[in-house]
Amino acid sequence: VSYTENGNDTPKRLLRNADFAMYLAKRAGGGQHRVMDATALLSDSGDVLQRGIESALQRNEFRLAYQPIVTIADSTLHGVEALLRWKDPARGWVMPEVIVPIAERTGLIEELGKWALNTACLELRDWQKNFGAGAVEQMAVNVSAHQLMGSEFVDTVAEVLDRSGVAPGHLLLEITESVLLIDAPRAREVLGELKRLGVRLALDDFGTGYSSLGYLKRFPFDTVKIDREFIADMCADPATRAIVASVIDLAHALDLSVVAEGIETRQQLQQVEDLGADRAQGHYFSVALLTEAFSTTILEASGGPALTSAPIRLPLPATAPNS
């Protein structure tokens, strides 16, 4: 593991980037080394975006958009997933799938991830205060592989929870299977520490890569999120429907809840309800909305500041809204 930055290193930066170099070496299969050279990082096609991301962090230009997660049985709002957004002056809104890999590669992911986690928890606190404890029961925040493997991540989560006053059980951290492939023992250790904090854990995008049903037994997850690709195919493909049914049954046998992602039609919602999924998420209910729009469109429109523990019931549209 090596890192060079033209002699302008600080101990913290050296340790951070050596840690990232180790992460890259493990992801490539282990038994090898990676040299992290900051000047090389700046020479590729991501140069402009990287500089933009650095500036956006300094100027507090990042935003979170929130998409509802709905309890299927009674159409009530269970929680939201916080999704990263940044409006680049030249490109417009830039999505997480572009931002996160650059932030990981350049060592900005820990700072960006901490900002997102802190912002989401503060937002949840304010919503529960203004609209009632049952208005938004859970805040789901995505955690990148490098973020989770960082030596300070558990401390960061504990610090954010303490500062915001959010109960640990109201925070759901979404982990993709790539984390489990990089370093399973380390992932199990970190996830165990998070569980001891009282935080909830979800295996996100289940089924998209090398997902093993064994993950549901070996790691301390509370929730499985079935990837949108399965949901999109299940109405027309009996084999896909059978796979979804099997995942739901197994998850329930292991006392895990199931979220169906990517719901866009009434038919898809009916299918996952028939198969026993607990919750659903997708454009059928709402696109991801920035804070003010979410408060106005979802919370206020569904009854306003009732300040009770009763959950908010979402009206179900006949067709999916425009995205």
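How much accessible surface does the protein chain have, and what percentage of it belongs to carbon and sulfur atoms? The accessible surface comes to about 15000 Å², and 51% of it belongs to carbon and sulfur atoms, with areas taken from the Shrake-Rupley method using a 1.4 Å probe, where for residues only the protein chains shown count as cover. The model is a predicted one, in which local features need pLDDT of at least 70 and side-chain atom pairs count only at pLDDT 80 or more, while totals for chains, interfaces and linings use all residues. Residues are numbered from 1 along each chain as its sequence is written, and side-chain values use heavy atoms, with hydrogens and water left out.

The protein chain has 14 helices and 12 strands, which are DSSP runs numbered from the N terminus (H or I and at least four residues for helices, E and at least two for strands). Of its 323 residues, 49% count as buried, where buried means under 20% relative accessible area, exposed over 50%, and partly exposed in between (1.4 Å probe, protein chains only). Among contacts between residues at least 6 apart in sequence, 68% join residues at least 24 apart, a contact being heavy atoms within 4.5 Å.

The interior can be followed through its nonpolar cores, each a set of buried Ala, Val, Leu, Ile, Met, Phe, Trp, Tyr and Cys residues joined through side-chain atoms within 4.5 Å. The largest such core has 89 residues, of which Phe-62, Leu-173, Leu-194, Phe-294 and Leu-299 touch the most other members. Helix 5 (residues 109-131) gives the most to this core, with 10 residues. A second, separate core has five residues, including Ile-69 and Leu-172.

Leu-194 touches, among others beyond four places in sequence, Phe-153, Val-157 and Leu-173. Val-157 itself lies in helix 7 (residues 153-164) and counts as buried because its relative accessibility is 0%. Setting aside neighbours within four places in sequence, the contacts of Val-157 include Leu-117, Leu-171 and Val-199; Leu-117 is 40 residues away in sequence, yet the two C-alpha atoms are 7.7 Å apart.

Most residues other than glycine have a negative phi. Asn-60, however, has a positive phi of about 55 degrees; this residue sits in the loop between helix 3 (47-58) and strand 3 (62-71) and is partly exposed, at 44% relative accessible area. Asp-255 also has a positive phi, near 65 degrees, and belongs to the loop between helix 12 (238-253) and strand 10 (257-260), where Asp-255 is exposed, with a relative accessible area of 71%.
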